[in-house]
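Dear colleague,

I am handing over the structure we spoke about, and I would be glad if you could look through it with the notes below at hand.

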Amino acid sequence: MFSFPNPQKWHNIQCSKLVYALHKKLINKYGFNIIDLNEYYLKKNLYDFIRRDEAHGFDFITREIGEKIANNIENFSFPKKLNILNDNPKFIALNVREMENIDENNFKNKSSWLCQEEIYELKNELEFNKIYHGHTILGVHIWNEQNNCELEIKNKNTNNSFNRNIDYLVSFFSIPIIEISK
């Protein structure tokens, strides 16, 4: 774990101390490695030094630490082996190319100041491949350049559906639980 100081002048110091203490407790519990710059900066009274714009630390420090970690990774220890049952669900990110009824002509490349990606212009109804039946949809990523567009996700068997009017945006949003079935 990498504990980096919070250079923001407006941050809640008491909250930061509580979060830091919780992180230290969990690091010890699970046996993670720690590089604790936060404690170092506090002991050496360096917080004012890193508050150059009241929001960000120096990127060259983080870059240098990252290089040192990468070059010395063999010196880090593995976390403690704990007898914990991982009962987390399995999550998957489904690409539109894995859907049924896709039209290859609807794929377009889009870019913005933030990212570049291949999008699918939704002109027809798509269906989930049978291998995804029984899974639950948690969210949807969209790239919309039209005003007042509507997105509908519907389970034909149960009539559960999710409708949302979407203005111009590139976004990921969560949706109410809809199970995929045929």
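What follows covers the nonpolar cores and then the salt bridges.

Please keep in mind throughout that this is a predicted model.

The largest nonpolar core is made of eleven residues, namely Tyr132, Ile137, Val140, Ile142, Leu151, Ile153, Phe162, Ile166, Phe173, Ile175 and Ile180. Four strands, β5 (136-144), β6 (149-154), β7 (161-166) and β8 (169-179), each contribute at least two residues to this core, and β5 provides the largest share, with three residues. Apart from this there is a second, separate core of seven residues, among them Tyr47, Ile50, Phe58 and Ile65. As general background, nonpolar side chains tend to be buried together in soluble globular proteins.

Turning to the charged side chains, a search of the whole structure gives seven salt bridges, and the ones I looked at in detail are described here. Lys24 and Asp36 meet through their side chains in a salt bridge, with an N to O distance of 3.2 Å. This pair links distant parts of the chain, since Lys24 belongs to helix α1 (residues 13-30) and Asp36, twelve residues away, to strand β2 (residues 35-36).

Glu39 is partly exposed, with a relative accessible area of 28%.

The remaining pair I would point out lies within one helix. Lys68 and Glu64 form a salt bridge whose closest N and O atoms are 3.5 Å apart, and because these residues are four positions apart in helix α4 (residues 59-71), about one helical turn separates them. Glu64 is partly exposed, at 41% relative accessibility.

With best regards

Key. Residues are numbered from 1 along each chain as its sequence is written. This is a predicted model: local features need pLDDT of at least 70, side-chain atom pairs count only at pLDDT 80 or more; totals for chains, interfaces and linings use all residues. Side-chain values use heavy atoms; hydrogens and water are left out. A nonpolar core is a set of buried Ala, Val, Leu, Ile, Met, Phe, Trp, Tyr and Cys residues joined through side-chain atoms within 4.5 Å. Buried means under 20% relative accessible area, exposed over 50%, partly exposed in between (1.4 Å probe, protein chains only). A salt bridge is a side-chain nitrogen of Lys or Arg within 4 Å of a carboxyl oxygen of Asp or Glu.
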